[in-house]
Amino acid sequence: MAALLLALAGLVHAEEPMTSLSGVVPRGLATLTPAGDAPADMAVPNVVVWLGLRDRDTLDAVLAAQQDPHSPQFGHWLDANEIADRFGARRPHYEEARAWFAAQGLRVVADSRFRVSMTVAGTVGEIEHALRTRIGLFGRKGRRHRAPTTPAWVPQRLGVQGLLGLDDLPAIRPLVSLGDAGVTLGPADLARVYGVDALQAQGLTGAGSSIAVLARSDFDLADVTTFGARFGVAPRLPTKVFVDGNPGVLPDDGELTEVLLDAQWAGALAPGADVSVVIGSLDGDIPQALGEAVDRRIGQVVSISFGLCEQLSSTTVTELFDGLYTIANLQGQTVVVASGDSGSQECAPDLPDVAVSSLASSPHAVAVGGTALDPGFDADGNATGYVSETVWNDHSGAGGGGVSTLFARPSFQLGIGPFTARALPDVSLPASPDSPGYAVVERGESIVVGGTSAGTPAFASLLALVNQRAARGGLGQLLPTLYRLGQDGFAGRRAPVFHDVVTGNNGFPATPGFDLATGWGSPIADRLAAAIVETSDGPCEPGLDCLVPAPGPANHACLGQWLVELDEPQRNPRGIPLRQQTCRDGDPTCDRDGQIDGRCTVNVALCANVFDVRSLGRDGLPRCPTSEIRGIRLLQPGTRGRVATRVRAGHDLGSAFRALPALPSMLDGICTARVPVEVPLRGDERPGRLTLRARVRGAGGTTARPSVTLVCEKG
């Protein structure tokens, strides 16, 4: 019977609708030398079938709630089963897809515990028959490679979004640059310059934290031991995790140097952290290593020092990396990725156009850019402190930056500039191999290296210290917090947590505040750690200062209240915020970007079941007691998704409601994550208005209709 069912699952009716997956054909195929058809018995050992994530709006709202101290989901990470059931393919759908590929004669060699993908293997002949494609051979730099020459076809009902691994062309590359021997940065130098030594003085070592660095080459652990002894640190010896056998030490230029750089610097600032080097196979490559780190939750911080031109990579690659980063965030992992070493032209020399790295452009990973640093070396070659920084751009390369062509502008980047898509980098660290470079030990000898792949594991090491101090079992999607802190520091609402790099360029000029050259700049580690760990989050602590009660009877007002994040909200004589709040364009006390740009950007949230002590009865008790909340619904404005050309990103006010706890609920102070909303001036520069309305149902048929009107006036 089982054999009969399997056979039936493999039947494809002649009339069954099929989907063409054109993205399997490499974009650069025309530049290669054809060498005939691939032999039918040639092995194709690692093909990832990407099914993707569903309900992305709710997913992004959950991520925002995990980062918002006002939300009951703050710091609550999801386990694999919950992620699979809420956002992965439904189990019958996953099993249907699995059965179809098996019925075509392909072997399912790995399953995703999140039900977002599966890995299949077969021969060229089996692949061509199953997917109705053709696979040819091509010459490139003296080597022979296979690649599809026509699209692949699968039944529409399977919901397959893409296939990865039909070709074996090298694309993802290490981002390491070698420098000249001379004065270099050691761990103590970097710690002194960026304030990490202040965290270390507090006893923070990264103990209890974990870091995963991704690689595809083996290395000698003795070099890590020598690095620690030579530069005065004693990091824990990293653990090697081979996903599918040991690929050995790869002979390609940069591979051994890259893995040693990552393994040594990941623990350099946090010697007490557990470091795992997750090494993909020759066929599985970095996507396989990433899948392993996420699937097994290896590392509360995941560091990736590889790059891939966004405009030459397939949509499947981009969606797969973004999807795995997203899952990592949901379970508390923070992903940091090198932004690239070719400035604003990440595709050079293949394409001269402005471009970014597709591995770093996801809004679910922190993109680390590059600077050139003056650490005030003394006569003995030791750093004395932070002197100055400029954008890295010299004979060896430049820090990557620019605007994605695939990802829309995420909500946390509202108000930072005239960008309509994901802008990067987010933060930066030294990257020039000469001004100065990083010290690394390779085959027992000290060498000097640079590149954004150097700052990336160093930033991961810093985050391990922050994670130890926060004691939340991970930091998750850190970008919303980094951008809030960056905006608040730039607008003068708090002491800056970044060194603002304002000189130099990478093709884009450095400017005050956020820019495409260095993002927010380089970290002031002790301030950044303290700010990330703080549970207070902005001017709305305590929250009642910013809550606008619903109209109607006082005993219903606490059912639903709009939180409007303003330093000084307009109030009635009793000190309660009014249902109309006015902001002036560019006023940093209410306009979160602090810039005169024709719109006011205000953070808002909806809170329900608020214990409101602002209105007391004759007995001295609150007239608005908490009760059971049965339903919450947004009435105005309607939901509006933000969609890029191919990849969805960001969330809006409507989708934020989906991340609320399951109702009915007796929880006190249920709040959505705060969402930045834009109130544009009218075309004639008259005030703009936006009214927000919701409906909250309580026990016994009670209902509140909280509303607030935001007015933006010309600055």
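1. The charged end of Lys240 is placed over the ring of Phe219, at 4.7 Å from the ring's centre. This is a predicted model, and the points below should be read as a description of that model.

2. Aromatic side chains also pair with one another. Eleven aromatic pairs turn up when the whole structure is searched. One aromatic cluster is made up of Phe412, Phe419, Tyr483, Phe514 and Trp520.

3. Which helix has an axis that comes within 10 Å of the axis of α8? Helix α9, residues 255-266, does so, with α8 covering residues 221-230. The two axes cross at roughly 45 degrees. The crossing in which α8 passes α9 is right-handed.

4. On the α8 side, the contact with α9 is made by Asp223, Val224 and Phe227. On the α9 side, Leu260, Ala263, Gln264 and Trp265 take part. Sorted by class, the residues of this contact are five nonpolar, one polar and one charged.

5. The crossing of α10 and α11 is left-handed.

6. Which residues of α10 and α11 meet? From α10 they are Ile286, Pro287, Leu290, Gly291 and Val294. From α11 they are Leu320, Phe321, Leu324, Tyr325, Ile327 and Ala328. The contact of α10 with α11 has ten nonpolar residues and one polar residue, with no charged residues.

7. Strand β35, residues 629-636, contains Ile632. Leaving aside residues up to four places away in sequence, Ile632 touches Leu606, Ala608, Phe657, Leu660, Leu663, Arg695 and Val696. How far apart in space are Ile632 and Arg230? From C-alpha to C-alpha the distance between Ile632 and Arg230 is 60 Å, and they are 402 residues apart in sequence.

8. Leu424 and Pro425 are joined by a cis peptide bond, with omega about 10 degrees. Pro425 is in the loop between β23 (421-424) and β24 (427-430). Ser435 and Pro436 are likewise joined by a cis peptide bond, with omega about -20 degrees. Where is Pro436 found? Pro436 belongs to the loop between β24 and β25 (438-442).

9. The last point concerns the backbone at Asp55. Asp55 is not a glycine, yet its phi is positive, at about 55 degrees. Asp55 is part of the loop that runs between β3 (43-50) and α2 (56-66).

Definitions and conventions:
Residues numbered from 1 in each chain as written. Predicted model: local features only at pLDDT ≥ 70, side-chain atom pairs only at ≥ 80, totals over all residues. Heavy atoms only, no water. Phe/Tyr/Trp six-rings, centres within 6.5 Å; stacked < 30°, edge-to-face > 60°. Lys NZ or Arg CZ within 6 Å of the ring centre and 35° of its normal. Axes fitted to C-alpha atoms, helices over the stretch in contact; angles between N-to-C directions. Helix = DSSP H or I, 4+ residues; strand = E, 2+ residues; numbered from the N terminus. Left-handed = near helix turned anticlockwise from the far one by under 90°. Contact = heavy atoms within 4.5 Å. Nonpolar A, V, L, I, M, F, W, Y, C, P; charged D, E, K, R; others polar.
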